[in-house]
Amino acid sequence: MTRPGHLPIASMKDRVSDAEWKARVDLAACYRLVDLYGMADMMANHISAAVPGEDNAFLINPYGMMYEEITASSLIKIDIDGNILAKPDFGELDYGINRAGYVIHGAIHKARHDVACVIHTHTWPGMAVSSLACGLLPMTQTAMRFLRIGYHD
């Protein structure tokens, strides 16, 4: 019997390698921590992790699930071209991925194979600074850490 508001998802543990399962558990924990620390914007931002031992494959959240709902088995595996490689059975909800999230994460995973995890958040301070025409001014030591910023067309 299921609880109201609870989506039963079968475990993916026996369908993936041990290394991928560990990455899934760690990534799900990261989603929960980002939510716990108030850095989640409901479902409008993303965290991804490269799948160990698989070139050009990474894990990302299903579009429509809140950060506090993410589990190791609910994550979707995609390639750097945005093709879904593996996902659980979400029943009638049939969650997919957010295309905007894929574009950001896919570009980074494609360019930087040494990067294991990418976190894109919408924190209140970050949104406030990004709304300023001047952006983040290099006026303090802390701000200077962000002097070299990359952009993706």
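A salt bridge is a side-chain nitrogen of Lys or Arg within 4 Å of a carboxyl oxygen of Asp or Glu. One of them joins the side chains of Arg112 and Asp114, at 2.7 Å from N to O. Welcome to a predicted model, in which local features need pLDDT of at least 70 and side-chain atom pairs count only at pLDDT 80 or more, while totals for chains, interfaces and linings use all residues. Residues are numbered from 1 along each chain as its sequence is written, and side-chain values use heavy atoms, with hydrogens and water left out.

**The overall picture**
- Searching the whole structure turns up six salt bridges.
- Glu20, Arg24, Glu54 and Lys77 are linked in a network of these bridges.

**A link between helix and strand**
- Glu20 and Lys77 pair through their side chains, with 2.9 Å from N to O.
- Because Glu20 sits in helix α1 (residues 18-36) and Lys77 in strand β3 (residues 76-79), the pair ties together parts that are 57 residues apart in sequence.
- Helices (H or I, at least four residues) and strands (E, at least two) are DSSP runs, numbered from the N terminus.
- Both Glu20 and Lys77 are buried; that means under 20% relative accessible area, with exposed over 50% and partly exposed in between (1.4 Å probe, protein chains only).

**A pair within helix α1**
- Asp26 and Lys22 form a salt bridge whose closest N and O atoms are 2.8 Å apart.
- The two residues lie four residues apart in helix α1, about one turn of the helix.
- Asp26 is partly exposed at 42% relative accessible area, whereas Lys22 is exposed at 52%.

**Back to Arg112 and Asp114**
- Arg112 is partly exposed, with a relative accessible area of 42%.
- Asp114 counts as exposed, at 55%.
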